[in-house]
Amino acid sequence: MSSNPSESWPSNVFEAGMDTNWKENIDDKFIDLNNVKDDIKSIIFKVLNGTRITIDEGVKLHDECDLPTLANIANKLKLARFSNYVFFNRNLHVNQTNVCVLACKFCAFREGPKSDEAYSLSIEEYLNRIEPYKNHISEVHTVGGLHNEWTIEYYTSLFSATKEKYPHLQIKALTAVEIKHLAIMSGLEIHDVLKKLKNSGLDSIPGGGAEILDDEVRNHICKGKESSNEYLSIHKAAHELGIPTNCTMLFGTIETTRQRIVHMDKLRLLQDQTNGFQCFVPYPFLPDKTRLPEAQLATANEILRTVAMSRIMLDNIPHIKSYRMNLGDDISALALLHGADDIDGTVSHEEIMHKAGSTTPLDQIDADLANLIEQIGGVPVERNTDYTIFRKFRKLPPSDNKGLPVAYG
Ligand code: SF4
């Protein structure tokens, strides 16, 4: 990682731009533990020593530590890895189809194949969606429903055509359940699906669909989706092929604190084996227009507590994202003080979260995002999809542009 914030710096998909000596950088000063119980204090000392905590300790910390202390610890871990840099990339979300053969209870996006609201983009329509933004983005992010007719040929043609027309764009696409669905539709093994997708231009995989990695919870909120083990094994297969991925957690439905912490533990155990997760994205359930009235919903306290616990538990996943599309500007800015280091960049089309009630404006200019970052004391840094190129946000076009789009502030 560059020591000079005015520079660009390259990295690799494993280090993803972080200071690898982060454990030695943890600042254990300025933490007031006078009102903290002894058993919580001993967990905090472990964290500040850079030692991994157990599931039981994570549950205790989540449930019994006051939020300002939790925020302070998580922020110190973030600062040890990334100083005060806050990362964003400039991407476009294009959801290729809303047709889905499943009907997850929390989903406000899917439509049945015969619905009047159903759509399925042709390759030309997909490229037309990118065209107006081609000079402003470095990534196209594509996820959608489980189409009842499409096989892998649609996607290999789509990715090849995208790379041919826009070679500067990185493609982040397809969640684990979409990959599983493509394997079934195409009569292929997961490994072969991933290989074909990679060869046609897929650069990385988003983490969507993890929900809560507990099959009892999954059977209630997303029956028919991949099992917890399938989610993990699909990501493992991607990592083994050199495809970096993100991972997520949808919280605030019916899960317990322990189920959230166990979810994080499952991810870090896989990461110990593969080192292929680059970013964890925790986001709360948004209730509007969906079919899960029993959801407990997450308060602001709980959202920030969960972000902080993500940073503390996931000691081997570099980035924690503040998912602005879902959290809104106010909470997402606060999340950057609770251990998150990454925030959504310019997103010009996003249908899933907006149908579920998200109110964040879609066409935010980069300067707004830079202001949001600076107001919490951060230094905005552009990154590419797989966290291998970084550049401090500048007001003027840089002369050393190496593929990242120009950011104006
Ligand atoms: S969450 Fe995904 S798999 Fe589930 S219904 Fe919605 S689009 Fe389909």
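In which helix is L79 found?

## L79 and its surroundings

In this predicted model, L79 is found in helix 4, the element that spans residues 67–82. L79 counts as partly exposed because 18 C-beta neighbours lie inside 10 Å, whereas a buried residue would need 20 or more.

When its neighbours within four places in sequence are left aside, L79 is in contact with D27 and N84. A residue 258 positions away along the chain, L337, has its C-alpha atom separated from that of L79 by 9.9 Å.

## The two faces of helix 2

Helix 2, which covers residues 38–48, has I43, I44 and V47 among its residues, and these three are buried. They are on the same side of helix 2, because they cover an arc of only 100° around the axis. The face turned away from that buried side carries D38 and S42, both of which are exposed.

The cover over the buried residues of helix 2 includes helix 3 (55–64) and helix 12 (300–313), and helix 4 is also included; helix 4 is the element in which L79 is found. After helix 2 comes G50, a residue with a positive phi, near 80°.

## The protein as a whole

The protein contains 15 helices and 12 strands, and of its 409 residues 46% are buried. Among the contacts with a separation of 6 or more, 76% are accounted for by residues 24 or more positions apart.

Methods
Residues are numbered from 1 along each chain as its sequence is written. This is a predicted model: local features need pLDDT of at least 70, side-chain atom pairs count only at pLDDT 80 or more; totals for chains, interfaces and linings use all residues. Helices (H or I, at least four residues) and strands (E, at least two) are DSSP runs, numbered from the N terminus. A residue is buried if 20 or more other C-beta atoms lie within 10 Å of its own, exposed if 12 or fewer, and partly exposed in between; C-beta atoms are placed from the backbone. Two residues are in contact if their C-beta atoms, placed from the backbone, lie within 7 Å. The arc is that of the directions from the helix axis to the C-beta atoms.
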